[in-house]
Amino acid sequence: MPELPEVESVRRSLAPHIVGRQVRDVTIFRRDVCDLAPTTPTTPTKRRAAPTLPARLLSGVAIDRLERLGKQLAIIAHGGAPIIRIHLGMSGQLLFLHGSPATLVPSVADAERQHIHLAWSFDDGVMLFRDPRRFGGVLCLPDLGALAQEWSTLGPDGLTISGADLLLRTGESRRVVKAALLDQRVVAGVGNIYADEALFASRIHPLTPCVQLNTQAWDRLAHAVRETLRIACEAGGSTLRDYVNADGQRGTQQMVLRAYGRGGLPCLHCGTPLEAFRVAQRATVACPCCQSYPERSQAFSRV
């Protein structure tokens with residue numbers, strides 16, 4: 001599943017193609033990938049109460065900017081309304097193809113076979129939402145207030161998370177630290193790949209209960225999360241299966257991962273074989289030497 005670096009790479013690669021440009025038209029191939037928020041943030045109307053209209057998907061408006069929080073991307077029209085929030089799910093892609101929309105849109109008419117669900121036409125190209133496994137989706141929002149409400153349940157963005165943030169949100173919890181990192185209410189944007197990488201970089205074992213980490217350990221972990229995500233963003237993210245950016249380019253961070261997917265291989269710090277196990281139903285890798293259990297080290301005692 002795309003994590004923060006992959007979504008940020010999509011944002012960076014897509015922005016030059018659409019920001020400041022007007023959407024000429026929107027072609028909807030699958031309506032069930034679109035979800036409708038209430039007309040106003042306070043309206044108690046259920047979602048999908050109105051048909052998914054091209055106008056609500058930005059047809060006829062100019063794009064002002066792209067914003068991201070964690071793994072979610074928002075495309076915002078000039079003036080702050082309307083807005084579409086996109087979640088890529090496990091296999092979602094936002095692609096920009098250059099050329100005449102009159103030629104490009106018919107060329108993806110067999111959208112079901114190509115798993116293309118939406119197409120936004122611009123003067124010189126088309127933006128496509130493609131999602132073979134259909135775990136992603138597009139949410140239509142009326143304004144910035146509705147977007148803030150949608151994002152209010154997410155924790156701080158992984159690129160800005162602090163040790164104080166982590167301690168405040170998980171410090172008294174008895175759940176293990178990797179499960180906490182995967183919780184988007186704790187930190188937005190971290191998934192399985194970068195949780196393993198950040199824990200390895202901070203030398204904290206994934207099975208350490210949050211309550212046993214002290215202030216220094218939280219600071220060390222927050223720094224590792226920020227740096228792990230920053231470096232991955234610069235590499236364009238990790239392409240393990242489906243992920244590509246808006247220009248169809250694959251990420252390269254998977255080539256230098258130090259923990260994720262390396263179970264049984266030598267630790268790059270000490271040479272000890274890395275252990276593979278499961279945490280919160282997710283495959284997990286850690287070094288039994290460098291990432292010692294809390295009872296083996298005084299570094300994890302509470303202060």
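Student: Which residues have the most contacts inside the largest nonpolar core, and how many residues does that core have?

Tutor: The largest nonpolar core has 30 residues, and Leu57, Ile75 and Trp120 have the most contacts inside it. Helix H1 gives this core its largest share, four residues. A second, separate core has 28 residues, among them Leu4, Ile161, Leu199 and Leu257.

Student: What makes a set of residues a nonpolar core?

Tutor: A nonpolar core is a set of buried Ala, Val, Leu, Ile, Met, Phe, Trp, Tyr and Cys residues joined through side-chain atoms within 4.5 Å. Buried means under 20% relative accessible area, exposed means over 50%, and partly exposed lies in between, with a 1.4 Å probe and protein chains only.

Student: Where do these values come from?

Tutor: This is a predicted model, in which local features need pLDDT of at least 70 and side-chain atom pairs count only at pLDDT 80 or more, while totals for chains, interfaces and linings use all residues. Residues are numbered from 1 along each chain as its sequence is written, and side-chain values use heavy atoms, with hydrogens and water left out.

Student: How many helices and strands does the protein have?

Tutor: The secondary structure comes to eight helices and 11 strands. Helices (H or I, at least four residues) and strands (E, at least two) are DSSP runs, numbered from the N terminus. Of the 303 residues in the protein, 53% are buried.

Student: Why is Phe135 called exposed?

Tutor: Phe135 has a relative accessible area of 54%, and the cut-off for exposed is over 50%, so the word applies. Phe135 lies in the loop between strand S8 (125-130) and strand S9 (137-141). Beyond its neighbours within four places in sequence, Phe135 is in contact with Gly89 and Met90, where contact means heavy atoms within 4.5 Å.

Student: Why is Asn245 called buried?

Tutor: Its relative accessible area is 10%, which is under 20%, so Asn245 counts as buried. Asn245 is in the loop between H8 and strand S10 (275-279). Not counting residues up to four places away in sequence, Asn245 touches Ser9, Val10, Ser13, Leu94 and Leu95. Its side chain also reaches the backbone nitrogen of Asp247 at 2.9 Å.

Student: What makes the link between Tyr194 and Glu6 a polar contact?

Tutor: The two side chains make their polar contact at 2.7 Å. A polar contact is a pair of N or O atoms within 3.5 Å; within protein, one must be able to donate a hydrogen and the other to accept it, and residues adjacent in sequence count only if both atoms are side-chain atoms. Tyr194 is in helix H7, and at a relative accessible area of 2% Tyr194 is buried.

Student: Why is the pair of Phe96 and Phe122 called tilted?

Tutor: Rings of Phe, Tyr and Trp (its six-membered ring) pair if their centres lie within 6.5 Å; planes under 30 degrees apart count as stacked, over 60 as edge-to-face and the rest as tilted. The count by this rule is one aromatic pair. The centres of Phe96 and Phe122 are 6.0 Å apart and their planes are at 50 degrees, so the pair is tilted. Phe96 is in strand S6 (residues 93-98) and Phe122 in strand S7 (residues 116-122), 26 residues apart. Both Phe96 and Phe122 are buried.
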